[in-house]
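Colleague: I am new to this one. Please walk me through a few of its features.

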Amino acid sequence: MTVQKISTGSPFEEQIGYSRAVVADGWVFVAGTTGYDYTTMQMPDDVADQCRNAMATISAALEEAGSGLDHVVRVNYILPDAADWPACWPVASAAFAKARPAATMISANLQNPEMKIEIEVTARLP
């Protein structure tokens, strides 16, 4: 089995030892992705802006893998404060308007206090 590893260049990938996405056997597994703009390592304060950034990072990783948001079959949203989740609905709804993946929202602490959302997806190669 051939495995392709995709990186965004995030320092966390190197420090922790993971890939942003792994392509294996027709599947694309995208690691939990937070709202950093990885080119500047800036984190917006607004949870919806963090959600947008995370979706953009995920979308880019999926495209590099030969897939895309329309091929996502599973998504997990993790938020420290469940009350922030409704602010992300329009972003999630727009991103997955076609795919309509199975989804779960979990409330749990994240790695750093400025992180308000983390998103993990699984997609198929078309």
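Modeller: Start with Cys 51, which is buried, with a relative accessible area of 0%. Buried means under 20% relative accessible area, exposed means over 50%, and partly exposed lies in between (1.4 Å probe, protein chains only). This is a predicted model, where local features need pLDDT of at least 70, side-chain atom pairs count only at pLDDT 80 or more, and totals for chains, interfaces and linings use all residues. Residues are numbered from 1 along each chain as its sequence is written, and side-chain values use heavy atoms, with hydrogens and water left out.

Colleague: How many disulfides does the count come to?

Modeller: First the general idea. A disulfide is a covalent bond between the sulfur atoms of two cysteines. The rule here asks for a pair of cysteine sulfur atoms within 2.5 Å. By this rule the count is zero.

Colleague: Next, helix packing. At what angle do α2 and α3 pack?

Modeller: Helices (H or I, at least four residues) and strands (E, at least two) are DSSP runs, numbered from the N terminus. Axes are lines fitted to C-alpha atoms, for helices over the stretch in contact, and angles run from 0 to 180 degrees between N-to-C directions. Helix α2 (residues 47-65) and helix α3 (residues 85-95) pack at about 20°, with axes 8 Å apart. The two are therefore roughly parallel to each other; that label covers angles under 35 degrees, while over 145 is roughly antiparallel, 65 to 115 roughly perpendicular and the rest oblique.

Colleague: Which residues make the contact?

Modeller: Contact means heavy atoms within 4.5 Å. From α2 come Val 47, Ala 48, Cys 51, Arg 52 and Met 55. From α3 come Ala 87, Cys 88, Val 91, Ala 92 and Ala 95.

Colleague: Is Gln 50 buried or exposed?

Modeller: Gln 50, found in helix α2, counts as buried at 0% relative accessibility. Not counting residues up to four places away in sequence, Gln 50 touches residues including Gly 35, Met 43 and Glu 114.

Colleague: And where does Ala 103 lie?

Modeller: Ala 103 lies in strand β5 (residues 102-107). Ala 103 is partly exposed, with a relative accessible area of 49%. Leaving aside neighbours within four places in sequence, Ala 103 is in contact with Arg 74, Val 75 and Tyr 77.
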